[in-house]
Amino acid sequence: MSTPSLAALPIRRLTLRDLTACADLSEDRGWPREEHKWGFLLAAGKGFGIDDPQGGLVAACVVTEYGSWERLDLGAIGMVLVAERHARQGVGRRLMRHVVSTMGTTPLTLHATPNGRPLYEELGFKVTGRAEMLTGRFIPGGPESGVLTRAATAEDLPAILRLDEEVFGADRTPLITRLPAFADQLRVAEEDGRIVGYTAAWPNMDTHVIGPLIARDTETAQALITSLAARTDRPLRTDIDMRHEKLLAWAKTRGLASVAINAVMTYGITDLPGDWTRRFAPLTVAAG
């Protein structure tokens with residue numbers, strides 16, 4: 001029996017049952033397996049994939065949708081992967097065209113590596129920003145911050161959701177309400193009983209990823225990062241919007257080093273919604 005051509009293989013929705021196959025695909029491309037993140041994204045978003053007749057997946061990606069049931073405001077595309085044995089055969093382009101078509105008029109965003117950017121530009125995505133990935137062991141020190149931070153409680157969730165929607169520019173309730181179970185730490189910054197920032201640290205292989213990071217100002221963002229770092233012995237990783245030059249410079253003095261710079265791209269909109277001045281880092285680049 002002949003093997004079907006790649007172009008004839010159907011694209012289907014992925015579920016949590018595909019978690020191991022998605023992790024295998026990550027490993028095949030030299031990425032960490034990231035089962036914890038894959039599970040989160042497949043539960044909170046929509047996975048799309050192509051099955052390999054010989055087993056496993058030819059390709060996969062995840063779309064995380066934001067907005068109301070009546071109208072989606074934004075879709076974030078991430079984890080776009082094609083198995084090495086099927087690379088450079090148009091599979092990624094076909095999968096992305098399918099996703100863009102499925103999302104209809106919903107504006108889209110993604111973080112693109114230098115290698116992936118030409119494909120996304122071909123599909124009509126435009127570069128609207130940049131994010132710098134930092135990683136390393138946090139070195140405490142510097143002047144004492146006057147910003148009060150504490151662990152978030154269940155009672156804080158409504159205020160966190162209100163602040164997140166205001167800053168992000170779209171309702172992320174299905175994602176943010178999963179944070180207490182997904183993250184090892186969820187902390188808030190408070191002033192006069194009002195939450196002015198929040199962040200989380202979630203486990204990814206041997207690191208703790210900081211994100212989302214939403215804060216009133218740079219000083220508040222620094223205090224939140226410092227509070228997370230004081231409660232973990234793992235290296236930290238985060239992706240900071242490069243317009244936040246002061247936070248980037250501070251993080252580098254605290255032991256975090258630049259790993260990569262990726263392009264933030266959009267489709268159907270000229271810029272991301274919300275208030276970038278208070279949006280310092282995404283939950284994960286795969287979900288915006």
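Buried residues make up 51% of the 288 residues in this protein. Keep in mind that this is a predicted model. The fold has nine helices and 13 strands. The radius of gyration is 19 Å, close to the 19 Å from the globule rule for 288 residues, so the protein is as compact as a globular protein of that length. Along the principal axes, the C-alpha atoms fill a box of roughly 70 × 40 × 35 Å.

Now the spaces inside. How many cavities of 30 Å³ or more does the count give? One. The lining has 21 residues, and closest to the centre are His-111, Asp-241, Val-264, Leu-272 and Arg-279.

Which elements build that lining? Strand 5, residues 108–112, strand 6, residues 126–136, strand 11, residues 236–241, and strand 13, residues 279–281, each supply at least two residues. Strand 6 gives the most, with four residues. By class, the cavity lining has ten nonpolar, five polar and six charged residues.

Next, the largest pocket. It holds about 1,300 Å³ of space. The pocket is lined by 40 residues. Nearest its centre lie Trp-31, Val-80, Leu-81, Thr-113 and Gly-116. Several elements give two or more residues to this lining: strand 4 at 72–82, helix 3 at 91–103, strand 5, helix 4 at 117–122, and strand 12 at 257–267. Which of them provides the largest share of the pocket lining? Strand 4, with six residues. The pocket lining divides into 20 nonpolar, 13 polar and seven charged residues. Note strand 5: it is listed for the pocket, and it is also listed for the cavity.

Stay with strand 4 for a moment. Met-79 is found there. Its phi is positive, about 55°, although Met-79 is not a glycine. Most residues other than glycine have a negative phi. Is Met-79 buried or exposed? Met-79 has a relative accessible area of 6%, so it is buried, the cut-off being under 20%.

Met-205 sits in the loop between strand 9, residues 194–204, and strand 10.

Move on to strand 10, residues 207–215. Pro-212 has its place there. A cis peptide bond joins Gly-211 and Pro-212, with omega about 0°. Most peptide bonds are trans.

Now the aromatics. A search of the whole structure finds six aromatic pairs. Take Tyr-120 and Phe-125. The ring centres of Tyr-120 and Phe-125 are 6.1 Å apart and the planes meet at 65°, so this pair is edge-to-face; the cut-off is over 60 degrees. Tyr-120 and Phe-125 are both buried.

Then Phe-138 and Trp-250. This pair is tilted, at 5.8 Å centre to centre and 55° between the planes. Where in the chain do Phe-138 and Trp-250 lie? Phe-138 is in the loop between strand 6 and strand 7, residues 148–151, while Trp-250 is in helix 9, residues 245–253. The two are 112 residues apart, and the pair links distant parts of the chain. Phe-138 counts as buried because its relative accessibility is 16%. Trp-250 counts as buried because its relative accessibility is 15%.

One aromatic cluster to point out: Phe-40, Phe-182 and Trp-202.

Charges over rings come next. The charged end of Arg-13 sits over the ring of Phe-48, 6.0 Å from the ring centre. Arg-172 lies over the face of Tyr-66, also at 6.0 Å from the ring centre.

Last stop, Trp-276. This residue is found in the loop between strand 12 and strand 13. Trp-276 is partly exposed, with a relative accessible area of 31%. In sequence, Trp-276 and Phe-168 are 108 residues apart. In space, C-alpha to C-alpha, the distance between Trp-276 and Phe-168 is 7.8 Å.

Conventions: Residues numbered from 1 in each chain as written. Predicted model: local features only at pLDDT ≥ 70, side-chain atom pairs only at ≥ 80, totals over all residues. Heavy atoms only, no water. 1 Å grid on protein atoms, 1.4 Å probe; cavity = no way out; pocket = protein on both sides within 12 Å on 5 of 7 lines; lining within 4 Å. Points joined across faces, edges and corners; volume = space filled by probe spheres on them. Nonpolar A, V, L, I, M, F, W, Y, C, P; charged D, E, K, R; others polar. Phe/Tyr/Trp six-rings, centres within 6.5 Å; stacked < 30°, edge-to-face > 60°. Buried < 20%, exposed > 50% of the residue type's maximum accessible area, 1.4 Å probe, protein only. Lys NZ or Arg CZ within 6 Å of the ring centre and 35° of its normal. Rg over C-alpha atoms; globule rule 2.2 N^0.38 Å.
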